[in-house]
Each structure stands twice: as structure tokens, then as C-alpha cells.
Amino acid sequence: MDPVRYDVQDRIAVITVANPPVNALSHAVRAGLWDAMARFGDDDAADIAVILGDGRLFIGGADISEFGKPPVDPWLPEVVNRIEACAKPVVAAIHGTALGGGLEVALGCHYRLAVPGTKLGLPEVSLGILPGAGGTQRTPRLVGLAAAAKMITGGVPVSAETALEMGLIDRLGEGDVRAAGRAYAEDLLAQGAGPRPTGARDVAGADLSDLRADLERKARGQVAPLTALDAVEAAARLPFEEGLAEERRLFRHLMDTPQRAGLIHAFFAERAVSKLPGIADVAPRDVADVAVIGGGTMGSGIATSALLAGLRVTLVERDGDAAEKARATVAKNLDTAETRGKLDAASRAAMSFDAVTDYAALSDADLAIEAVFESMEVKREVFGRLDAVMKPGAILATNTSYLDVDTIAAATSRPADVIGLHFFSPAHIMKLLEVVVADATAPEVIATAFALAKRMGKIAVRAGVCDGFIGNRILSHYRTAADHMVLDGASPYQIDRAIRGFGFAMGPYQVSDLAGLDIGYATRQRKAADAHPRDRVPTFADALYHAGRLGQKSGAGYYDYSEDRKGREDPEAARLIAEARTGERSFTDAEIVRRYMAAMINEAARVVEDGIAARPLDVDVVFLHGYGFPRHRGGPMHWADAQGLDRILADIRAFAEDDDHFWRPAPLLERLVAEGADFASLNRKADT
Ligand code: T1G
């Protein structure tokens, strides 16, 4: 089917972009628009044109899958310029979403209408680029320099109503977008309205220094937002044509950055993780009623997340007081969601939530999520009770963060219906969900978990059964590398600074203080039985714990929180750490990052090799959405490919000269380097 259709009725030419699923501006669509504009220009039967999108949206932007390949004529900027230069008026009739190049096509039109519910935005900076088809020059001419700068450097879409207030569109339509677009065109014809090129408008200058300072403070190494600001400022400094040329120059510069490659990888990886061969054609079971067992922080968070997704929730606690406490926690979470505009009063009033103490209340639940104490004995007892009361076909899920899901499943008569749903705290905020697939888990149950995740606005990643699944298993390894550096002489404060400089929001010791040093201590105790004689124990961490320094929760840990939650370096902590040190060597920030990342990549390679993660991209998505990995670097595996796996392996081998117990190269890493291959090659292989 033609990706761009042209039809004329009552002197109005309707040009329809039809390129499912998002009407992306592929080469065929660009060529189709180019030809349609030529046809309209020569068409004596048409006095005005309306451009609109087929299906659920206007146009979702340039075709991101074409990035990195040589651009093919007609380029999008030329297509937009051709629309604007048309001698007859052109209207954009917008519905669903108009994003990036999609909105830029609309800006090239002379008039713009959107129907309620439409989102209009220029999200290019989230892909490491900037609006490259005139958006940085035309948007300021419609909404003013400051509003355009905020919209483009933030990348956040606006509603149709806001777009009207700003001047981005001219009219709010009602109902069917095609009818609304035709009606607007008729009105314009009746008014004798002609072409109204956006590029011909003036744009007043504005002082954007505060925005620039804000972007510099928040950028954390990202280049696109500040470069996009440069392009927008050019709109007030240069004539239109020169402004377009400057935009193109800056766009091309960003297209060549590794950040663009990282952010595009992240975009597609987030969509690829739910594409698993084992569940491709498997229909999920219906889930409307969810049971949550345990109303602590995690259980209440999971219940909140399910309620926000419109699911009916019954939470079970061991006694009335605990049930009431859970009810209060959920209510507080929902209050916050309302304050943040994530929940309106009507939706909240329609919610179905109950906190009870009797498992019998779960007989109709479609799925249960257990979030009780991390004890195998307790969990097996809970699963036994769930198995006894829940209906056939109901799914029994555990939120355990490291226990063996196979062992939990064996406590039931229905191991095929048992799965792990590892939420990350706070469960109603964090998007990552590790779907832990046990040996007996049925494909339909896996498919149901992924469908539930999508409904809850989560990004689900399939994980195999091991201690820590994907994220925590890898975290444990690179955290050990950091601890070794502290034992050898590095300051935890320097390590945190170096890791923040790499782009993480927090360093490992700040994370420890946030999570609680008691958690770390309990984990070390749990693993002590399996410890190897050559494992190096971070005795400084135990010393801090025994000194009652549990982190933020006790007012001090590695940092002193007596003044505020930000925390300050603490001489007392430094003293306790120095006493436990086994070495006095210094480290550069660069070496700290190299060791930290080499340990992360090495264990991640083992996780992929063991099949705990299906592909390297699954590890990337886990770290982007669960561990604060800087998004513009694409995830650990994409970053490792960009560094060169040979360099990572060389580092590991160099570090092994001092410690060949901890630094043992992962066989997969050695094999890929020997073959001259990379992690991306494994992602592609998994696609076939
Ligand atoms: N190009 C190519 N494929 C795209 C795409 C795009 N712009 N947008 C989505 N897809 C694919 C996606 O990979 C998935 O594929 C399917 O479409 C459904 O996507 C010059 C250069 C539009 C809000 O950043 O935000 O324009 O997995 O699951 O939830 O200035 O897609 O089915 O194989 O996300 O309904 C700017 C990106 C580009 C918008 C729809 N535009 N897309 O959400 O569907 S840069 C964007 C989205 C640009 C110009 C510059 C969303 C959506 P598959 P989906 P959705």
C-alpha cells in the first residue's frame, strides 16, 4: 500500500501518511510527501491541502532505524521546506502524537489543527540529537525563543490544549481528525487564507542564560541538550536560511557522537526485551484481580503499582495491625501519585483495594505476588497456602530478590504456574521488572508476566534462576571491585565521585547508605558459608555496621547525614575505613572507572553465557532502568562494545596480575575477542 495517499474532494486535497505502526518518515514516506506536494501544486482541482496520519497517530518522527545509514534523498528538511514553499495553503490535521520530524512536518505547514488527547513534542535530545528538519528555527517563530528552548532542550511533549495556548497550533478540532481537518480547510478557503510560511516570521531574542546554566548543571555529560540550545539561539541571531544551515551543521555533529548511538540503542533495546522467541505467539492469561502477600515497603509498593494500572488488589497481611499499616502505606503512595499528577481523584475513587488477613479472600484472584520476608522457609509456607486456596489457572509469583524460584515452585502442586516477579524499590516508581523464569514455568505464564508488566508501565526483562538474577548478581561483582580498591587504599568518596563523573547519579557507597549498611552486612553473612579462602572481606563495611552506622536510616554511614540527606564526607567513617585497610596505594579516577566497569562487564558476560540473561541487550536494559546506568552510554554491554572488548579484556588480564582469583576473564568475553566479535553480534544472532 502506498505510504502516502492523495485524494481530492470539494477542492480540498487530503494527503494521508500511512506507514504503520507509527507513520515514521521513512524514505518512502518522504518521497511520497515530496511527490504529493508536487501533485497538489499542479492540481487545478485543489485549492488547499490537508496532511494527516493514518491509524492511531499523525507521524511518530523520522525513521530511527535509518540512523547511522547514509541519508537518501529527499532528506526530511527539504521535504518540510517544500511544504512551506507551496504556493497554495497547507493544513496539518494532527491526532495521537506528532513527534520529532512529525511535528516538524506540521511546522512546515501553514496552519495546524490538533484534536484533544494529542501529544506534540520534539524529543530528539532523548535520542542524542536535535530537531534536524527545521524544528529549532520554526518553533521559536511560533511560540517564542524561551518556550521553544525549554520544549526542545527538555524533549517533553505538550498536550493539544497547551500547544494552542503556546501558539504551536492554531485550532483545536473535535472528533474525527479527517473531518476536523477538512472543516478547518473549508473555513480557511472561505476566509481566502493563503500560504503562511512559518519561516517568514520574525523571532525576538531572549536571555536563555538561566536555562543554559540549568542544563549544564543537570547534563551529567550529555551533549545534545546544550547543542540543541545553541541551535535554538541561532534562530534569533541568523536569518532563517542561515539558521537552517546552522541547525543542520549541529545536527550532523550530534549524529556522529557515541551518545547518539547509545541512546538509539537504548530506545530499541527497551522494545526488544519483550520479544522472546519462547512467547512470541503465546496468548497471556487475563489478569484483573491481583493478590499481594505482605504489606511491607515492597508489598505496598507492588499493590500501589497494580492499583495505578487499574487492577483490583487484595493485600494479605498476617494480622489486623499489619493490614491496617499496609493500607495506610498504600494510601500515602496514592496521595503522592495524586500530588504528582499521576492519578486523578475519579480514578482513585474507582479503585478496588482491600487489606485482609484471610487467604480465603484470594480464591478468585488471577495472580498473586508474594513479597514477604526473604526466607525460603517462610516463602515455601506462603506458596503452600496460596496453592491451597487459589483457583486453577491462577499464577503464583514471588518477588524474591535472590532465592531459588525452582525451590519455591516445588512447594506447590502447580510449578508451571509459578514465576518470579522481581520488582525494584520503590516498586510503584521503578520501571524495571525482572521476570524470573523457573525450570517448570509455562510459556503462557511468562507471556502473562510480560503483559502484566506492560499494563503496569514496567519494562520487563526475562531472567534465569541464580543468586541475584541479572542485576544484583552483576552489582555484587562490581561492588566487590570497589571494595577491593578501598582495601588497597582508595577513598570511598573518591570512588563515588569518579563513578558520578562517569554518569551514574550516585556512587556505590552513596547507594549503600541509601539501601542501608545492614542489608549489605546481611548479604555478606548469607554468602559467608560459600566464601572462597581467597575472597577479600570488606572488613571496613563490617566495622561501620558494628559501629551502628547504617547509612541514611541511622543518620550516618559512609557519609554524615546530620545536616541533610545529601550527606557529607565523615572523618569518623574515614578513620574506621583506614583501620581496616590492607594497602596504601592511590588510584586515579580513570583507573577506578576502568576497574569498576571491567568487573561489571566481566560478570555480565558470565550472566549472558549462563543464559541468565537472554541477550546482552537485556543486561543493558536492566542497568538503564534498575541501576542508574547513564542512558547516553546505552548500557554496560553497548558501552563495552564502544570501548572495544579487547581493551576490556586487556584490563582484566592486567588486573589479574595482582589478583587472579577475582579477575578471571569470562570465557564468553575471551571468545568474542578471539573472534573479533562483540556483544551486539549476539543481539543480532538472537534475533534470527
Ligand atoms: N522510527 C522507527 N521506528 C519507530 C519509531 C521511529 N521514530 N518510533 C517507534 N518505532 C517502532 C518501535 O521500535 C516499535 O517497533 C514500534 O514502532 C511501536 O513503537 C529529523 C531526526 C511514537 C509514541 O523519538 O516515542 O524525528 O518493536 O512500542 O508505545 O528532527 O514509538 O514493534 O518492532 O514505542 O505506541 C523522533 C519515538 C525521532 C518518537 C508510539 N521521534 N517513538 O509509542 O509504540 S528523531 C521519536 C515513540 C527525529 C527529526 C529527528 C513511540 C510512539 P517494534 P512503540 P507506542
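Residues are numbered from 1 along each chain as its sequence is written, and side-chain values use heavy atoms, with hydrogens and water left out. In this predicted model, local features need pLDDT of at least 70 and side-chain atom pairs count only at pLDDT 80 or more, while totals for chains, interfaces and linings use all residues.

**Helices around α9**

Helices (H or I, at least four residues) and strands (E, at least two) are DSSP runs, numbered from the N terminus. Axes are lines fitted to C-alpha atoms, for helices over the stretch in contact, and angles run from 0 to 180 degrees between N-to-C directions.

Helix α9 (residues 224–237) and helix α4 (residues 135–143) have axes that come within 8 Å and cross at roughly 55 degrees. The two helices are therefore oblique to each other; angles under 35 degrees count as roughly parallel, over 145 as roughly antiparallel, 65 to 115 as roughly perpendicular and the rest as oblique. The crossing of α4 past α9 is right-handed. A crossing is called left-handed if the near helix is turned anticlockwise from the far one by less than a right angle, and right-handed if clockwise. On the α4 side, T136, Q137, P140 and R141 meet A231, V232, A234 and A235 of α9, where contact means heavy atoms within 4.5 Å. By class, this contact of α4 with α9 has five nonpolar, two polar and one charged residues. Here Ala, Val, Leu, Ile, Met, Phe, Trp, Tyr, Cys and Pro count as nonpolar, Asp, Glu, Lys and Arg as charged, and the others, Gly among them, as polar.

Helix α8 (residues 209–218) also has an axis that comes within 10 Å of that of α9, and the two cross at roughly 165 degrees. Helices α8 and α9 are therefore roughly antiparallel to each other, and α8 passes α9 in a left-handed crossing. The residues that meet are L211, R212, L215 and E216 in α8 and P225, L226, L229, D230 and E233 in α9. They divide into five nonpolar, no polar and four charged.

**Helix α11**

Helix α11 (residues 258–272) has 15 residues. Its buried residues (under 20% relative accessible area, with exposed over 50% and partly exposed in between, for a 1.4 Å probe and protein chains only) include L263, I264 and H265. The buried residues of α11 pack against α9, α10 (240–255), β17 (459–463), α25 (616–626), α26 (636–643) and α29 (679–687).

**A loop residue**

S352 lies in the loop between α14 (345–349) and β12 (353–356). At 32% relative accessibility, S352 counts as partly exposed. Leaving aside neighbours within four places in sequence, S352 is in contact with L307, L311, R312 and V313.

**Backbone features in loops**

Most residues other than glycine have a negative phi, and most peptide bonds are trans. The table lists backbone features of another kind.

| Feature | Angle | Loop |
|---|---|---|
| Cis peptide bond, D73 and P74 | omega about -10 degrees | P74: between β3 (48–53) and α2 (76–84) |
| Cis peptide bond, S425 and P426 | omega about -5 degrees | P426: between β15 (418–423) and β16 (432–436) |
| Positive phi, R11 | phi near 70 degrees | R11: between β1 (4–9) and β2 (12–17) |
| Positive phi, F469 | phi about 55 degrees | F469: between β17 and α18 (471–488) |

R11 is partly exposed, with a relative accessible area of 37%, whereas F469 is buried at 0%.

Conventions
Expected span 1.5 Å × (residues − 1).
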